Amino acid sequence: MSCNSDTERAAAASASQSLSSPLLTSQDHQSAASPAAEVAEPPVFDSSSSIVTNSEDNPSPPSTELEIPIGWPPDGKLSLNWIRNLMSVFDWASRNIKPTQLPDVFPVEVFDSLVLCASKILHKEPNCVAIDNLGSESTVVVVGDLHGQLHDLVFLLHDAGFPSENRFFVFNGDYVDRGAWGLESFLILLAWKVFFPRNVYLLRGNHESKYCTSVYGFEKEVLTKYSDRGKHVYRKCLGCFEGLPLASIVGKHVYTAHGGIFRHIPATPKRSKGKKNRKIAFSPEPSSLSIGSFEELNKARRSVLDPPWEGSNLIPGDVLWSDPSMTPGLSPNKERGIGLLWGPDCTDNFLKKFQLKLIIRSHEGPDAREKRPGLGGMDEGYTIDHIVESGKLITLFSAPDYPQFQGTEERYRNKGAYIVLGPPNFDNPVFHSFEAITPRPKANAFYNFEEVIDSDEELDLASMVTSP
């Protein structure tokens, strides 16, 4: 099996530039109930009620433009048309067939090939990827939580423009759980990663873990959709999650991660009595907490299904689970049971220490922000949480009208957002907010959303896998 080469991607770059221009803008979408009804394009762009109301018993036939079932390219090299077809087929399938019929349009053999190609790329990347191959015509699109909201992801890709030689993407994690199409969303992103490995970066979120996916629906989603091959598909996804990098540096001045900053791990060598070997003791005292270094970040072991909340490998948990606060200082995140809380002074110190100007993190939607006094809500899909001497801290959330399934009649109706960073310094964020694609196709939740808490607080730590 072969994956795409740089030469072949360069040959497709001009086609990507011409085909990636969005058919819908955020303004178009917000000003019309079904803005794509007049566009003669594949069903993926069409949010008209005529498509949505098709029932499972009487599905509409797929467009003749769609290639179903999806096959793996004979030469093992993805093309822009293959990815466009993948997005269109997944959109059509979400509206017209039962979840259990997904293998009929995306066979497990194709899944295996895609995940294998993507995993080979991801596992070779460092914990913190440097996105520094930027030119005077480059832009970088930063995306927050997606949570299986397939149709909003597809809209975002068209609105921002597809990845290309000059358009980079950084996704801050939480691709799965809660929404009904986490698997399809993740596979679309893996396809873009394989096609443009040096222009598309997929970071890990706290939901790319065994624990969260067992509670918030992704595991059940995969087992439902692939039935007897479901365990195989789920294990492959978990393996891929382990390879996702933890953070990125965009240009020279922007740090992005799902949760946020991380601690220094102090090590004190101690010689055990009667033994020649040395033991390393780690100080658990909160008073000793201080900001870690990027050298420590890159040495951390990210290949764990559930980042530990105790022991020596705490940095992955910090990066994935931490939250900002308006209270000064660095302290354990007692509400979540893992990670840190950090105040504006820590943001300033972090930026100053590493000569940065901006932190873009995600991790908190409208449900979480409802419980965070002093911090802004997520109505527009982003908040500027800290403005300090050295720069800013931004929280970015890209899943509008979140969560898809809500146990209360009154919904948050938040917008989603993405950020565009441009030359020369790529440190001046331009925000793009957008509404949810409506109406969403009818779907059943893959978790008990009426009993499971909305935000990721009060974790059952005993059920999480502890790695030494």
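Q: Are helix 4 and helix 7 roughly parallel or roughly antiparallel to each other?
A: In this predicted model, helix 4 and helix 7 are roughly antiparallel to each other. The axes of helix 4 (residues 80-96) and helix 7 (residues 150-160) cross at roughly 150 degrees, and angles over 145 degrees count as roughly antiparallel.

Q: Within what distance do the axes of helix 4 and helix 7 come?
A: The two axes come within 10 Å.

Q: Is the crossing of helix 4 and helix 7 left-handed or right-handed?
A: The crossing of these two helices is left-handed.

Q: Which residues of helix 4 meet which residues of helix 7?
A: Helix 4 contributes Met87, Phe90, Asp91, Ser94 and Arg95, and these meet Leu150, His151, Leu157 and His158 in helix 7.

Q: How many residues of that contact of helix 4 with helix 7 are nonpolar, polar or charged?
A: Four residues of the contact are nonpolar, three are polar and two are charged.

Q: Stepping back, how many helices and strands does the protein have?
A: There are 15 helices and 16 strands in the protein.

Q: And what percentage of the residues of the protein count as buried?
A: The protein has 468 residues, of which 58% count as buried. As for contacts between residues at least 6 apart in sequence, 75% of them join residues at least 24 apart.

Q: Turning to strand 15, how many of its residues are buried?
A: Strand 15 (residues 416-421) is mostly covered, with six of its six residues buried. Gly416, Tyr418 and Val420 lie on one side, while Ala417, Ile419 and Leu421 lie on the other, so that both faces are covered, given that under 20% relative accessible area counts as buried.

Q: Which strands are joined to strand 15, and how many bridges are there?
A: Strand 2 (residues 139-143) is joined to strand 15 by four bridges, and the two run antiparallel. Strand 16 (residues 430-434) also runs antiparallel to strand 15, with five bridges joining them.

Q: What about strand 12: which way do its residues point?
A: From strand 12 (residues 358-361), Leu358 and Ile360 point one way, and Ile359 and Arg361 point the other way. All four of these residues, Arg361 included, are buried.

Q: Which strands are joined to strand 12?
A: Strand 6 (residues 254-257) runs parallel to strand 12 and is joined to it by three bridges. Strand 14 (residues 391-396) is likewise parallel to strand 12, with four bridges between them. Ile359 takes part in both pairings: it is the bridge partner of Tyr255, and Leu393 is the bridge partner of Ile359 in strand 14.

Q: What order do the strands have in the open sheet of three?
A: The order is 9-11-10, and the pairing is mixed. Strand 9 (323-324) and strand 10 (330-332) are the edge strands, each of which pairs on one side only.

Q: In which sense do strand 9 and strand 11 pair?
A: Strand 9 pairs with strand 11 (residues 340-342) in the parallel sense, over two bridges. Asp323 stands opposite Leu341 in strand 11.

Q: Which residues of helix 14 are buried?
A: In helix 14 (residues 344-353), the buried residues include Cys346, Thr347, Asp348, Phe350 and Leu351. Just after this helix, Gln355 takes a positive phi of about 55 degrees.

Q: A change of topic: where is the place of Val222, and is Val222 buried or exposed?
A: Val222 is in helix 10 (residues 218-226). Its relative accessible area is 0%, so Val222 is buried.

Q: What does Val222 touch, not counting residues up to four places away in sequence?
A: With those residues set aside, Val222 touches Leu183, Ser227, Gly230, Val233 and Tyr234. Leu183 is 39 residues from Val222 along the chain, and their C-alpha atoms are separated by 6.9 Å.

Q: Finally, where does Ser113 lie, and is Ser113 buried or exposed?
A: Ser113 lies in helix 6 (residues 108-122). With a relative accessible area of 14%, Ser113 is buried, since buried means under 20%. Not counting residues up to four places away in sequence, Ser113 touches Met1 and Trp72.

Terms used: Residues numbered from 1 in each chain as written. Predicted model: local features only at pLDDT ≥ 70, side-chain atom pairs only at ≥ 80, totals over all residues. Heavy atoms only, no water. Pairing = 2+ DSSP bridges. Axes fitted to C-alpha atoms, helices over the stretch in contact; angles between N-to-C directions. Parallel < 35°, antiparallel > 145°, perpendicular 65-115°, else oblique. Left-handed = near helix turned anticlockwise from the far one by under 90°. Contact = heavy atoms within 4.5 Å. Nonpolar A, V, L, I, M, F, W, Y, C, P; charged D, E, K, R; others polar. Buried < 20%, exposed > 50% of the residue type's maximum accessible area, 1.4 Å probe, protein only.
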